[in-house]
Amino acid sequence: MSSLFANKVVAVTGAGSGIGRAISLGLARQGATVHLADRNAEGLTETADLIGAEDGKATITELDVSSENELAGWIEQIGSTSGRLDAAFNNAGITGPAKRIEDYPLEEFRRVIAVNLQSVFLGMKYQIPLMKRGGAGSIVNTASVAALTGPGGMSAYAASKHGVQGLTRVVAMENAAHGIRVNAIAPGWTETPMVAANSKQNPGFAALAQNAIPAKRGGTPEEIAAAAIWLASDAASYVTGHMLTVDGGMTIGGFEL
Ligand code: NAP
């Protein structure tokens, strides 16, 4: 096993489930001290226990990623306990309701933007100064194939994820000369609790998974995590401002002969 993250300090949001849990476990296996954050206390403890069972190192913090106070406090705490931050994964997110634009409640739109986009803005706002103090760092934000497409019923989600790509590019530009890389991943259909819940409320989206993915299957959280961890690692040292699609070919847009 490679140990690209030996003695590195990393932070992961949405670490209590799905892709964030797989990223956290993968990083711990490569030797990182992983600071886990999520609003789901039970999920957080489960992830920390899985890491502990393999003799990995993790801390847990229950927070709401849309809260500036809570996110800032968490990053400050990482600074004071670990002294630096080598990599951060701004990954927590929600889908919001599946409704056409004319029926989409403004309150729900605002909530999805706050959890999926404001959180990435706030995460980077506080992670960048700590990384600068250490002279290097790497950030990976979780976008989605909805940053490239227009899934019906998901206006807030698609807007938030297009926004994540924009933020990623801007912060990559601002920090390329400071040794800090900023990238995004765009997962396609990934078999996590979020997707199970979304399939229930949006059958059109569920049908797409069966019919429209060239690979003819959903991805595993581990397959998405592998791409995110690579982007954050020194193996990707000249990659910045990039959004890496990991979708089994879902967004190729071609056709089979
Ligand atoms: P997941 O299994 O639902 O995990 C997301 C975690 O984030 C959950 O533990 C959730 O807590 C937590 N969370 C939600 N809102 C939060 C908040 N305000 N503050 C702190 N934590 C919060 O979902 P996932 O599929 O792993 O998704 C992770 C990321 O990948 C998201 O950004 C999602 O948009 C993106 N993504 C997923 C897919 C997919 O197919 N799964 C595809 C493209 C992109 P609760 O359990 O309490 O909700």
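A crossing of two helices is called right-handed if the near helix is turned clockwise from the far one by less than a right angle, and left-handed if anticlockwise.

**Entry 1: ground rules.** I am looking at a predicted model, in which local features need pLDDT of at least 70 and side-chain atom pairs count only at pLDDT 80 or more, while totals for chains, interfaces and linings use all residues. Residues are numbered from 1 along each chain as its sequence is written, and side-chain values use heavy atoms, with hydrogens and water left out. The helices I name are DSSP runs (H or I, at least four residues), numbered from the N terminus.

**Entry 2: H1 and H8.** I looked up helix H1 (residues 18-29) against helix H8 (residues 221-232), and found that they pack at an angle of about 55 degrees with their axes 8 Å apart; the axes are lines fitted to C-alpha atoms over the stretch in contact, and angles run from 0 to 180 degrees between N-to-C directions. That angle makes H1 oblique to H8, given that under 35 degrees counts as roughly parallel, over 145 as roughly antiparallel, 65 to 115 as roughly perpendicular and the rest as oblique. The crossing of H1 and H8 is right-handed. Contact (heavy atoms within 4.5 Å) is made by residues including Gly18, Ile19 and Ala22 of H1 and Pro221, Ile224 and Ala225 of H8.

**Entry 3: H3 and H4.** Helix H3 (residues 68-82) packs with H4 at about 20 degrees, the axes being 10 Å apart, which makes H3 roughly parallel to H4. H3 passes H4 in a right-handed crossing. Among the residues that meet are Leu71, Ala72 and Ile75 in H3 and Leu122, Gly123 and Tyr126 in H4.

**Entry 4: H4 and H5.** I then followed H4 (residues 106-134) to helix H5 (residues 155-175), where the axes come within 8 Å and cross at roughly 15 degrees, so that H4 and H5 are roughly parallel to each other. H4 passes H5 in a right-handed crossing. Phe109, Val112 and Ile113 are among the H4 residues in this contact, and Tyr157, Val164 and Leu167 are among those in H5.

**Entry 5: the ligand.** Which residues are closest to the ligand? I found 28 residues surrounding the ligand (a heavy atom within 4 Å), the closest being Ser17, Asp38, Arg39, Tyr157 and Thr192. For polar contacts (pairs of N or O atoms within 3.5 Å), I noted that an N or O atom in the side chain of Ser17 is 2.6 Å from an oxygen atom of the ligand. A polar side-chain atom of Arg39 also lies 2.6 Å from a ligand oxygen atom, and a polar backbone atom of Ile19 is 2.8 Å from an oxygen atom of the ligand.

Methods: Helices (H or I, at least four residues) and strands (E, at least two) are DSSP runs, numbered from the N terminus. A polar contact is a pair of N or O atoms within 3.5 Å; within protein, one must be able to donate a hydrogen and the other to accept it, and residues adjacent in sequence count only if both atoms are side-chain atoms.
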